[in-house]
Amino acid sequence: MSSSPAPSGTGPITDPAPLSLCAREPRVPADRLVAEMVPPPRFDSVRFSTYIPDPNQPSQTEAVQVLEGFAAGLGQEAGGSGKRRLFGFGRAPKKAAPAGPRGVYLDGGYGVGKTHLLASLWHATPAEPARKAFGTFVELTNLVGALGFQQTVQTLSGHRLLCIDEFELDDPGDTVLVSTLLGKLVDAGVALAATSNTLPGKLGEGRFAAADFMREIQGLSARFRALRIDGEDYRHRGLPEAPPPYSDEQVTKAAHATEGASLDAFSPLLDHLARVHPSRYGALTDGIKAVCLTGVRPVPDQSTALRLVVLADRLYDREVPVLASGLPFDQLFSDEMLNGGYRKKYFRAISRLTALARDAAKLTNTQ
């Protein structure tokens, strides 16, 4: 009796051994940290025209209009003659940074498209990529750590725009550091745009964080215009339902059959993440086409959980599917974690890993 080849994930292992994240210890030069401060691949093609405002939420349409004007204003400034302050507040001084708003803060709940809009602003700003920077708050603090404060100021002062996604309001030391940096950059004429995470302890009090953000950036608050973006509250959506995990055998066979896939046991990977600085998690995934994990279990402590959040962000940015055995991703974090100060980060990680798990279904040829 003839037989056809078994589908990936179910047949015998005859393919080359997959890669391993645990075997990688990347070294990232400082100039790469600067060069990679661009919107992640998932947001390469987003534009204001691809953001679909909810017709029941007029603030979403208003945000697009204001941000389009913000980008156009940066173009007018670059044109030399006819310089105007952002938002049309008169003419800017010729030899100093405009005194009006030099920044926009996108204020809204989870899932209303703040990162989409922030990346669209980066794309719409009329400047070559080397004069625009886009990164998360963590990536910006990593840059300061790699270059030093003064060198970071010098490196970014020639930029026209700096976009900061997920401004961390839960680390007072880093917040003061970055606020001081932003003050120097505004004085040099750099325009700013930001979104933020909510302060610990404030997650149950509402989805908007503008007051917290303005307070934490202290003297810079007058330079920012807050754009409130209404939409469905993520707390009303509940945890996304993760697809059921596969068996260890299915994951292992799929890893062997998928070119560019990595295969790691979950617990050793968590241990390895503790030895790699989070600024290198992007480099850790260089060239990886799929991540296969066996034995997924609840993370043991908050430090480990926060490192996993960063890895989930980097995988999501790069659209790397994740195939796993063990527990589903919506059981990664304890109830105490999901009710604590970092709840928003854990919800985001669950949502992103769940999306990547759905993307990974094709690796088994079962759908």
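These legends accompany several close-up views of a predicted model. Local features need pLDDT of at least 70 and side-chain atom pairs count only at pLDDT 80 or more, while totals for chains, interfaces and linings use all residues. Residues are numbered from 1 along each chain as its sequence is written, and side-chain values use heavy atoms, with hydrogens and water left out.

View A. Helix 6 covers residues 172-187; helices (H or I, at least four residues) and strands (E, at least two) are DSSP runs, numbered from the N terminus. Buried residues (under 20% relative accessible area; exposed is over 50%, partly exposed in between; 1.4 Å probe, protein chains only) include Thr175, Val178 and Leu182. The buried residues of this helix pack against helix 4, helix 5, strand 3, strand 4 and helix 7, with contact meaning heavy atoms within 4.5 Å. Just after helix 6, Gly189 has a positive phi of about 95°.

View B. Arg348 belongs to helix 13 and Glu166 to strand 3, so the pair ties together parts 182 residues apart in sequence. Both residues are buried, and they join Asp313 and Arg352 in a network of salt bridges.

**View C. The salt bridge of Glu36 and Arg32.** Here the closest N and O atoms are 2.4 Å apart. Glu36 is partly exposed at 39%, as is Arg32 at 21%.

Key: Expected span 1.5 Å × (residues − 1). Salt bridge = Lys/Arg side-chain N within 4 Å of Asp/Glu carboxyl O.
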